[in-house]
Amino acid sequence: MADTLKDILLDSSRRPAVVSDFEGLVDAEVSDKGGVSGAVVKTGFAAVKKIKPGIIPSAVDTLLPDFVVALEPFYGDYKAKGGSDFGAYLTSRSDEASDALLSVTDSRAERSSRDSIKKVYGKLRPNGKKNVEEALPRLGQLVDKHAAAV
């Protein structure tokens, strides 16, 4: 079994499946959103996809190395503690884990040259932490799935 997220998620033979699974995670999380804030997320997500079709898998693939770096300390600690459910581990550290992941997207949005992307991200960001925290169990399950396949 691989010891690092880099080994698990960035290996060129597995990366297309990882990107596809993470795109599915994003779609599932957006689909599960309800209420007024969910409608805002769904509208923003649809707008981003309309602005540039294929942006979600492209963004996942582009951001994946930075997400791996952000999550690596959590994964190392999880492995050192003999964990068996990375999603539960991430949930137990949801504040720190969500901040680590959002630092990646915040940095990317800040550097974007596309005003439309910045505008949509700016509208979604206030609820970003809550949304990321809600996605941590699924994220951990995906990591566990790919770690088991190594």
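This is a predicted model: local features need pLDDT of at least 70, side-chain atom pairs count only at pLDDT 80 or more; totals for chains, interfaces and linings use all residues.
User: Okay, and how do Tyr75 and Tyr78 sit in helix H4?

Analyst: They're 3 residues apart in H4 (residues 55-80), which means about one helical turn separates them.

User: What kind of aromatic pair do Tyr75 and Tyr78 form?

Analyst: Ring planes under 30 degrees apart count as stacked, over 60 as edge-to-face and the rest as tilted. A search of the whole structure turns up 5 aromatic pairs. Tyr75 and Tyr78 make one that is tilted, 5.6 Å centre to centre with 40° between the planes.

User: And what about Phe86 and Tyr89?

Analyst: Their planes are at 10° and their ring centres 6.0 Å apart, so that pair is stacked. Both residues lie in helix H5 (residues 86-92), again 3 residues apart, about one turn of the helix, and both are buried. Ring pairs link Tyr75, Tyr78, Phe86 and Tyr89 into a cluster.

User: Which residues touch the most other members of the largest nonpolar core?

Analyst: A nonpolar core joins buried residues through side-chain atoms within 4.5 Å. The largest one here has 39 residues, and those touching the most other members are Leu9, Phe74, Tyr75, Phe86, Leu90 and Leu139. H4 contributes the most to this core, with 11 residues.

User: What does Leu9 touch?

Analyst: Leaving out residues up to four places away in sequence, Leu9 touches Arg15, Val18, Phe22, Leu64, Val68, Val143 and His146.

Technical notes. Residues are numbered from 1 along each chain as its sequence is written. Side-chain values use heavy atoms; hydrogens and water are left out. Rings of Phe, Tyr and Trp (its six-membered ring) pair if their centres lie within 6.5 Å; planes under 30 degrees apart count as stacked, over 60 as edge-to-face and the rest as tilted. Helices (H or I, at least four residues) and strands (E, at least two) are DSSP runs, numbered from the N terminus. Buried means under 20% relative accessible area, exposed over 50%, partly exposed in between (1.4 Å probe, protein chains only). Contact means heavy atoms within 4.5 Å.
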